[in-house]
Amino acid sequence: MADVRQLLRGLPVFGGELPAFDPAATPDAPVELFTDWLLGAIRAQVPEPHAMTLATADADGNPSARTLILKDVDADGWRFAAHDGSAKGRELTARPYAALTFYWQPLARQVRVRGPVVRESAERSAADFLARSAGARAEALLGRQSRPLESLAERDTAVAGAAERLAGDPGLVPPEWTLHTLRAESVEFWQGAADRNHTRLVYRRTGSAWTKELLWP
Ligand SMILES: Cc1cc2nc3c(=O)[nH]c(=O)nc-3n(C[C@H](O)[C@H](O)[C@H](O)COP(=O)(O)O)c2cc1C
């Protein structure tokens with residue numbers, strides 16, 4: 001069997017040409033810097049740069065994390081969607097507070113966002129649902145995410161049934177589909193460096209004003 005510990009030690013990290021990051025030349029609002037970094041990741045052809053880790057906690061405070069797709073971001077916050085019946089949906093109902101992490105590996109850039117999560121209107125949630133692919137809508141219509149599944153055949157039959165329902169009623173939207181906005185209280189930008197002199201800048205919000213602070217790597 002492979003010596004995993006030895007293998008892990010030998011793996012490179014923060015290689016290649018890395019971008020510069022000057023915290024003194026950053027905008028006042030973190031959403032502007034986030035958008036700048038996101039566009040940089042898209043330009044650099046980072047695979048799935050809109051994939052992020054969403055961390056939530058249950059009513060006891062025990063955390064869960066999973067990968068999700070970012071739907072939008074603006075001055076109001078970072079948007080993602082979930083079915084209220086999924087584990088993440090239930091956790092957000094119990095504790096509407098979350099953390100997001102983005103990692104753009106080829107650029108050695110990480111962004112961490114934390115804050116309360118608010119539910120968007122039924123209209124905005126419906127618009128998000130209707131913009132999903134047919135397969136994604138069929139899966140979400142079932143509302144069974146994260147529940148135990150007897151067999152893959154059971155899944156395929158149920159999804160085919162949901163797809164048929166949607167084909168007959170293309171405007172159908174499950175009321176449990178919710179667009180959420182994470183209203184950031186803090187946003188940290190982390191630029192990795194091969195020599196480990198990483199640069200960290202955290203924005204913290206008080207009311208509508210942001211302060212910035214450097215952090216030790
Ligand atoms: C790249 C990637 C993107 C994903 N995007 C979504 C997504 O947008 N929505 C979603 O519900 N699950 C998405 N998933 C699956 C989730 O990670 C997770 O398995 C699912 O949402 C169930 O999580 P839960 O049990 O915590 O509710 C994605 C997984 C990967 C690897």
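The model is predicted, so local features need pLDDT of at least 70 and side-chain atom pairs count only at pLDDT 80 or more, whereas totals for chains, interfaces and linings use all residues. Residues are numbered from 1 along each chain as its sequence is written, and side-chain values use heavy atoms, with hydrogens and water left out.

**Nonpolar cores**
- A nonpolar core is a set of buried Ala, Val, Leu, Ile, Met, Phe, Trp, Tyr and Cys residues joined through side-chain atoms within 4.5 Å; buried means under 20% relative accessible area (1.4 Å probe, protein chains only).
- The largest nonpolar core has 31 residues, of which Phe34, Trp78, Phe102, Trp104, Val111, Leu182 and Phe189 touch the most other members.
- At least two residues of this core come from each of α2 (30-43), β1, β4, β5, β6, β8 and β9 (199-206); helices (H or I, at least four residues) and strands (E, at least two) are DSSP runs, numbered from the N terminus.
- Helix α2 supplies the largest share, six residues.
- A second, separate core of six residues includes Leu141, Val159, Ala162 and Leu166.

**Helix α3**
- Lys88, Gly89, Glu91 and Leu92 are buried in helix α3 (residues 87-94).
- These residues lie on the same side of α3 because they cover an arc of only 165 degrees around the axis, taken from the directions from the helix axis to the C-beta atoms.
- Their cover includes β1 (51-57), β2 (63-69) and β7 (177-182).

**Ser186**
- Ser186 belongs to strand β8 (residues 186-191) and counts as buried because its relative accessibility is 18%.
- Beyond neighbours within four places in sequence, Ser186 is in contact (heavy atoms within 4.5 Å) with residues including Arg112, Tyr203 and Trp210.

Technical notes: Buried < 20%, exposed > 50% of the residue type's maximum accessible area, 1.4 Å probe, protein only.
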